[in-house]
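Here is my note on the model, as numbered points. Please read it with the structure open.

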Amino acid sequence: MSTEQNRTNTNDKLDELEQNREYSTGEFLTTNQGLRVNDDQNSLKTGPRGATLLEDFILREKITHFDHERIPERIVHARGAAAHGYFQVYEPQAGLTKAKFLQDPSVKTPVFVRFSTVAGSRGSSDLARDVRGFAVKFYTEEGNFDLVGNNMPVFFIQDSIKFPDFVHAVKPEPNNEIPQAASAHDTFWDFISITPESMHMIMWVMSDRAIPRSYRMMEGFGVHTFRFINGEGKSSFVKFHWKPLLGVHSVVWDEAQLISGRDPDFHRRDLWDSIEGGAYPEWELGVQIVAEEDEHKFDFDLLDATKIIPEELVPVQRIGKMVLNRNPDNYFAETEQVAFHLGHLVPGLDFTNDPLLQGRLFSYTDTQLKRLGGPNFHEIPINRPIAPVHNGQRDGHMRQTINVGRTSYSPNGINADSPAQAKESEGGFASYAERIDGHKVRARSKSFRDHYSQAKLFWNSQSDTEKTHIVKALRFELGKVAVEEIRERMLIHLAQVDTTLATLVGEGLGLTVPSAQGVQLNKGVPADANPADYQPTTARTDVGQSAALSMANPPKVGIKTRQVAILAADGVDNTEFDVIKQALSAEEAVIAIVAPRLGKLKTSTGEAVKIDASLQTTASVLFDAVYVPGGQTSVNSLLQEADAVRFVHEAFMHCKPIAATAEGVDLLKAAANGGAEKLLSSEGVITGEGTNAEAVPQKFIEAIGEHRFWSREKTLV
Ligand code: HDE
């Protein structure tokens with residue numbers, strides 16, 4: 001894999017960051033004042049064995065800076081990984097929006113994208129069952145535009161005032177701070193079981209979407225309905241989508257748990273390595289457009305963030321492409337300090353009255369004030385727009401800009417009223433003049449009350465395998481809940497979505513589904529309200545399916561960047577080994593030679609081959625597929641290694657493609673726990689000997705393209 005080649009990829013923002021980069025190769029060590037340091041190994045003392053002197057300003061500066069290195073982690077989305085890249089629109093979008101970055105297909109707008117988990121702390125595992133953040137900062141000529149989305153198109157709650165409650169419920173419990181980065185505990189399910197608006201999102205979070213194979217293989221969604229405004233001032237509603245060009249793929253839950261131990265940085269590493277290797281992740285930006293006059297034509301409310309617009313009703317138009325082609329130079333300076341905010345937007349875009357969106361407009365600036373320490377966070381290099389900044393805002397902690405002149409107010413006469421306000425025709429932002437007419441109330445619209453129909457739509461749209469995974473996820477999560485009443489309440493909700501779902505989950509919990517008769521399904525009711533006004537409506541009976549909601553039939557996109565382990569030891573058959581290596585490399589898969597030890601192995605013809613990982617340092621869960629070439633001595637050595645046998649066994653259990661040629665098949669048999677015949681005849685297990693072996697590489701490549709062979713799993717549905 002080539003290293004650092006992505007450092008030569010640049011754009012206007014990356015060039016602009018150059019003024020802040022520091023390179024120390026070949027330089028002297030200095031203090032922060034630029035003083036060269038003569039001894040960085042010993043503090044200043046009263047004699048070699050004496051007490052350290054307060055005078056030691058070099059020691060004090062170094063230790064003080066160290067003591068202050070940490071900033072508060074994000075209250076949510078603390079763990080993340082990010083990359084630089086660019087976005088390019090395919091065709092001018094002037095009919096929909098006047099946003100400049102969506103007009104000229106020759107313009108590459110710089111972007112910085114941060115992916116994250118939500119519940120865990122900064123040091124938690126990438127493979128938690130969780131929503132993933134998908135936040136994109138576009139550095140446009142007209143200022144920064146942040147599209148702060150998730151990998152799921154809906155959310156748990158409808159009104160931002162419930163966000164602290166929701167987050168407190170899902171975070172580790174406050175008395176003992178257990179569990180880390182997991183929703184499988186009482187407080188989360190207690191809240192959910194009396195908050196039926198979360199039921200659609202629960203279906204997504206219990207599906208395999210919550211355990212992605214890679215950040216590069218997940219979709220992104222803006223979630224809320226936004227507005228596009230065109231040059232004539234005409235508004236239309238828009239939902240944003242990111243569609244990954246590598247398809248949408250996940251791991252299985254058992255695998256996710258094992259990866260959390262084997263490599264908790266799995267997603268972070270995957271993103272970093274693929275960019276270092278020149279395999280740049282790509283997504284297409286999709287939009288669903290609803291004309292202003294069609295706002296009320298759906299049987300859900302466009303302002304309700306617990307609803308999608310099914311793609312069958314409004315197709316997703318792909319309008320541009322994003323490519324991530326450069327890793328950050330410094331995690332803290334860029335990934336940790338980047339500050340996203342929905343209120344960073346450009347002319348041509350605007351908000352709707354979605355009450356979740358409206359609350360976010362307050363929260364994101366507020367949180368940066370705390371996290372980044374003051375109102376000048378926009379001056380931090382990664383947050384600085386490439387568009388010029390001129391206003392009367394001054395001073396504050398860590399101010400960097402030296403504002404020249406006497407005026408910091410507007411209007412002013414002394415400085416010719418500069419900086420001047422811009423007309424709309426000059427790029428000035430003007431809010432969309434939406435007509436509003438209503439009473440000032442604390443209320444939830446009745447049109448937000450159907451909590452089950454789209455949860456049902458999601459369930460109906462899943463393949464049997466996906467349904468089975470949802471059932472198992474719910475059995476796992478609710479199985480970790482200690483209070484039985486919570487489990488029962490959840491079964492009542494699940495039965496509103498689908499009775500088979502509820503019954504199957506109940507079976508795993510040793511419970512029958514209780515009757516909903518007389519149960520208050522929503523306890524989030526204002527004190528003076530009539531509880532009946534807050535109860536969810538039952539799911540519609542005409543709910544069909546939406547193909548876009550299932551990951552079962554992803555487009556076949558080849559095996560580029562897929563990780564393939566070749567299990568081998570000294571004596572491995574040189575020809576078989578070479579043939580597979582060449583075939584996989586031609587498809588741009590990533591190959592790793594895994595052997596009992598590190599160093600080099602000798603093939604059957606005496607050739608020395610570098611080993612990439614030893615069986616002690618890696619595991620099958622870190623790969624997409626495994627191949628065992630022949631060579632009696634090699635296979636005999638592997639058969640002596642419990643880790644090698646386990647490697648194949650786990651790959652089989654996780655439904656991964658497995659190939660073996662000649663004696664390599666013996667390792668597969670050993671990994672079959674006595675069921676060799678079953679294993680060898682299973683889908684996605686490819687074996688061959690002699691001339692038969694010639695077909696193996698092609699079949700193996702096709703199998704890797706399939707991702708997984710679910711027929712090996714016992715399905716419940
Ligand atoms: Fe966030 N969210 N959020 N959120 N969110 C934050 O901002 C908040 C919501 C999302 O990589 C915080 O800078 C409220 C929906 C992402 O830096 C905070 C509500 C969606 C990220 C915050 C929501 C998101 C955040 C924490 C309910 C998908 C990580 C640190 C009204 C559309 C951005 C920070 C990054 C981060 C508040 C709900 C996405 C506290 C109040 C819905 C991707 O401001």
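**Notes on the model**

1. Leu 567 has Val 594 of S12 as its bridge partner. Strand S11 (residues 563-567) and strand S12 (residues 590-595) are paired in the parallel sense, over five bridges. Strands pair here if DSSP finds at least two bridges between them. Strands (E, at least two residues) and helices (H or I, at least four) are DSSP runs, numbered from the N terminus.

2. Two points on provenance. Numbering starts from 1 along each chain as its sequence is written. The model is predicted: local features need pLDDT of at least 70, side-chain atom pairs count only at pLDDT 80 or more, and totals for chains, interfaces and linings use all residues.

3. The open sheet has six strands, in the order S15-S12-S11-S16-S17-S18, with parallel pairing. Strand S15 (613-614) and strand S18 (685-688) are at the edges; each has a single partner strand, so one side of each lacks a neighbour in the sheet. Helix H19 (residues 696-706) lies across S11, strand S16 (625-628), strand S17 (658-661) and S18. H19 runs at about 175° to S18. Angles run from 0 to 180 degrees between N-to-C directions, and axes are lines fitted to C-alpha atoms, for helices over the stretch in contact.

4. Strand S3 (residues 132-140) and S4 run antiparallel and are joined by eight bridges. A hairpin of two residues connects S3 to S4. Thr 140 has Gly 143 of S4 as its bridge partner. In strand S4 (residues 143-150), seven of the eight residues are buried. Buried means 20 or more other C-beta atoms within 10 Å of the residue's own; exposed means 12 or fewer, partly exposed is in between, and C-beta atoms are placed from the backbone.

5. Which residues does UniProt annotate as "active site"? The unreviewed entry gives His 77 and Asn 150. They are spread over 74 residues of sequence but cluster in space, with a largest C-alpha distance of 10.4 Å. UniProt positions use the numbering used here, feature names are shortened, and annotations may be inferred rather than shown by experiment.

6. His 77 sits in the loop between helix H2 (57-67) and strand S1 (80-89). His 77 counts as buried because it has 22 C-beta neighbours inside 10 Å. Setting aside residues up to four places away in sequence, His 77 touches Ser 116, Val 118 and Gly 133. Contact means C-beta atoms, placed from the backbone, within 7 Å.

7. Asn 150 belongs to strand S4. Asn 150 is buried, with 23 other C-beta atoms within 10 Å. Beyond its neighbours within four places in sequence, the contacts of Asn 150 include Gly 133, Phe 134 and Phe 221.

8. For "binding site", the unreviewed UniProt entry lists residues including Arg 114 and Arg 360. Arg 114 is in strand S2 (residues 109-117) and is buried, with 24 other C-beta atoms within 10 Å. Arg 360 is in helix H9 (residues 355-371) and is buried, with 20 other C-beta atoms within 10 Å. Leaving aside neighbours within four places in sequence, Arg 360 is in contact with Ser 160 and Leu 342.

9. Helix H12 (residues 484-497) packs on helix H13 (residues 499-509) at an angle of about 155°, with axes 6 Å apart. That makes the two helices, H12 and H13, roughly antiparallel (over 145 degrees; under 35 is roughly parallel, 65 to 115 roughly perpendicular, the rest oblique).

How values were computed
Contact = placed C-beta atoms within 7 Å.
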